[in-house]
Amino acid sequence: MTSNLPSQVIQVTHYNLVQSSDAFVAAIQALAKRTEAEGHPGVLGYKFFVNTSAETAGAVITYTDANAWFAHHQIAYQWEEMPKLQATVKLQSLALFGPLNEEVEAWIQKAGLSYTHYDTLAAGFVRA
């Protein structure tokens, strides 16, 4: 599995909740269900967390590569579940780990998002 690591893109996102944690959980459960059933096959891991006492949430999403990241966002932003999720949170930070491509960078810029990018894997492994 380590041969896949250099091309993988991992997204780490932090949010503040602007609706109740219950509203966030309901919205992300619907989006996760649809992503698993109908989403891009390059979405390898899709994990969202909530901290009810701090009214924050976070996500860790793993993609096979930058092409999968781009394709997932093109697909998911057409679904009715996406604006429902976005209504529950305010993006605080976005970090991307792994090599990106021009399409991803253009998409993020067009969306007006600021992000941190770590482009080169220095060391690591994944246990199955």
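Tutor: One term before we start. Contact means heavy atoms within 4.5 Å. Keep in mind too that this is a predicted model.

Student: Okay, let me try that term. Which residues does Val104 touch, not counting residues up to four places away in sequence?
Tutor: Val104 touches Ala66, Trp69 and Phe70.

Student: And where does Val104 lie?
Tutor: Val104 lies in helix H4.

Student: Is Val104 buried or exposed?
Tutor: Buried. Its relative accessible area is 0%, and buried means under 20%.

Student: Which other residues in H4 are buried?
Tutor: Trp107 and Ile108 are buried in H4, along with Val104. Seen down the helix axis, the buried residues of H4 fall within an arc of 95°, so they line one face.

Student: What covers that face?
Tutor: H2 and E4 are included in what covers the buried residues of H4.

Student: Which residues are exposed on the other side of H4?
Tutor: Glu102, Gln109 and Lys110.

Student: What about Ala106?
Tutor: Ala106 is in helix H4 too. Ala106 is partly exposed, with a relative accessible area of 40%.

Student: Which residues of H1 are buried?
Tutor: Ser21, Phe24, Ala27, Ile28, Leu31 and Thr35. They are on the same side of H1, because they cover an arc of only 130° around the axis.

Student: And what do they pack against?
Tutor: Quite a list. The buried residues of H1 pack against strands E1, E2, E3 and E4, and against helices H2 and H3.

Student: Which residues are exposed on the other side of H1?
Tutor: Asp22, Gln29, Lys33, Glu36 and Ala37 are exposed there.

Student: How many Å apart in space are Gln29 and Val104?
Tutor: They are 25 Å apart, C-alpha to C-alpha. In sequence, 75 residues separate Val104 and Gln29.

Student: New topic, pockets. How much space lies in the largest pocket?
Tutor: About 360 Å³.

Student: How many residues line it, and which lie nearest its centre?
Tutor: The largest pocket is lined by 22 residues. Gln11, Tyr15, Tyr77, Met82 and Gln86 lie nearest the centre.

Student: Which elements supply at least two residues of that lining?
Tutor: Four strands do: E1 (9-17), E2 (43-51), E3 (56-63) and E4 (89-97). So do helices H2 (66-76), H3 (81-86) and H4 (102-111).

Student: Where does the largest share come from?
Tutor: From E4, with four residues.

Student: How do the lining residues divide into nonpolar, polar and charged?
Tutor: The lining of the largest pocket has 16 nonpolar residues, five polar and one charged.

Student: What does Lys90 touch, not counting residues up to four places away in sequence?
Tutor: His14, Tyr15, Asn16 and Val18. Tyr15 also lies among the residues nearest the centre of the largest pocket.

Student: Now E3. Is Thr62 buried or exposed?
Tutor: Thr62 is found in strand E3. Thr62 counts as buried, at 18% relative accessibility.

Student: What is Thr62 in contact with, leaving aside its neighbours within four places in sequence?
Tutor: Thr62 is in contact with Gln8, Val9 and Ile10, and with Gly42, Val43, Leu44 and Gly45.

Student: Where is Glu55 found?
Tutor: In the loop between E2 and E3. Glu55 counts as exposed, at 51% relative accessibility.

Student: Last one. Where does Leu121 lie?
Tutor: Leu121 lies in the segment after strand E5 (116-118). Leu121 is partly exposed, with a relative accessible area of 47%. Leu121 and Glu55 are 32 Å apart in space, C-alpha to C-alpha, and 66 residues apart in sequence.

Technical notes. Residues numbered from 1 in each chain as written. Predicted model: local features only at pLDDT ≥ 70, side-chain atom pairs only at ≥ 80, totals over all residues. Heavy atoms only, no water. 1 Å grid on protein atoms, 1.4 Å probe; cavity = no way out; pocket = protein on both sides within 12 Å on 5 of 7 lines; lining within 4 Å. Points joined across faces, edges and corners; volume = space filled by probe spheres on them. Nonpolar A, V, L, I, M, F, W, Y, C, P; charged D, E, K, R; others polar. Buried < 20%, exposed > 50% of the residue type's maximum accessible area, 1.4 Å probe, protein only. Arc of directions from axis to C-beta.
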